[in-house]
Amino acid sequence: PRPDDKDVIAMLTLGTSCLLCGVLFKAHVREGILAKLTELGSTSEERQAALVASICSLGKLSQSDLLAMAEQAFRVLPINRLLREDIETQSTGGDEAPRSSDSLSARTVPAALGSCDAFLSH
C-alpha cells in the first residue's frame with residue numbers, strides 16, 4: 001500500500017524532530033543558542049551588569065534591586081584626583097599594597113553608571 005500525504009508528513013515531521021533533537025542536545029549547540037537568546041534586546045553593558053548582579057547577589061536580590069543599589073553607590077576617581085602614590089607600591093616582605101587607600105576612596109565622586117572610562121583593580 002502506498003502511504004498517503006498525511007503519513008508522509010507525519011514521517012517527515014518525526015524524522016526532522018529526531019534529527020533536530022540529536023543536534024540541539026549537544027552542549028556546545030545549546031550554549032550557543034542560549035548565548036544568542038541572551039543577547040536579544042540588550043546591550044553589551046546590560047549583559048555585563050546582569051552577569052555581575054547575578055554573581056554578587058547569589059539570587060537573593062532581584063536585578064532591579066541590584067541596579068538601584070549600583071546606581072546609588074557607583075563612584076569614580078577622576079584622573080585629576082589620582083596621585084602618583086595611589087599607583088605606586090611598597091615592598092614589605094613580599095606584600096605589596098597601595099600607600100594611600102584611605103585617601104583614595106575619600107577622593108572618589110558619585111557618578112552615573114556607564115560614565116566611567118576605565119576600570120583598574122588591584
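**A patch, a leucine and an arginine**

Visitor: Where does arginine 107 lie?
Guide: Before anything else, please keep in mind that this is a predicted model. Arginine 107 lies in the loop between helix 6, which covers 101–106, and strand 4, which covers 109–110.

Visitor: Okay, and is arginine 107 buried or exposed?
Guide: Arginine 107 counts as buried because its relative accessible area is 16%, and buried means under 20%.

Visitor: What does its side chain reach?
Guide: The side chain of arginine 107 reaches the backbone oxygen of arginine 81, at 2.4 Å.

Visitor: Switching topic, which residues make the nonpolar surface patch?
Guide: The patch, of about 660 Å², is made by Leu19, Leu20, Val23, Leu24, Ile33, Leu37 and Leu40. The elements that give two or more residues to this patch are helix 1 (5–24) and helix 2 (27–39).

Visitor: Which one gives the most?
Guide: Helix 1 does, with four residues in the nonpolar patch. Leucine 19, which is found in helix 1, is exposed, with a relative accessible area of 60%.

Visitor: And where is leucine 83 found?
Guide: Leucine 83 is found in the loop that runs between strand 1 (75–76) and helix 5 (84–87). With a relative accessible area of 38%, leucine 83 is partly exposed.

Visitor: What separates the C-alpha atoms of leucine 83 and leucine 104?
Guide: Those two C-alpha atoms are separated by 8.5 Å, while leucine 83 and leucine 104 are 21 residues apart along the chain.

Notes. Residues numbered from 1 in each chain as written. Predicted model: local features only at pLDDT ≥ 70, side-chain atom pairs only at ≥ 80, totals over all residues. Heavy atoms only, no water. Buried < 20%, exposed > 50% of the residue type's maximum accessible area, 1.4 Å probe, protein only. Polar contact = N/O pair within 3.5 Å; in protein donor to acceptor, adjacent residues only side chain to side chain. Patch = residues over 30% accessible without salt bridge, like charges linked within 9 Å, V, L, I, M, F, W, Y side chains within 5 Å. Areas by Shrake-Rupley, 256 points an atom, 1.4 Å probe, with all protein chains shown as cover. Salt bridge = Lys/Arg side-chain N within 4 Å of Asp/Glu carboxyl O.
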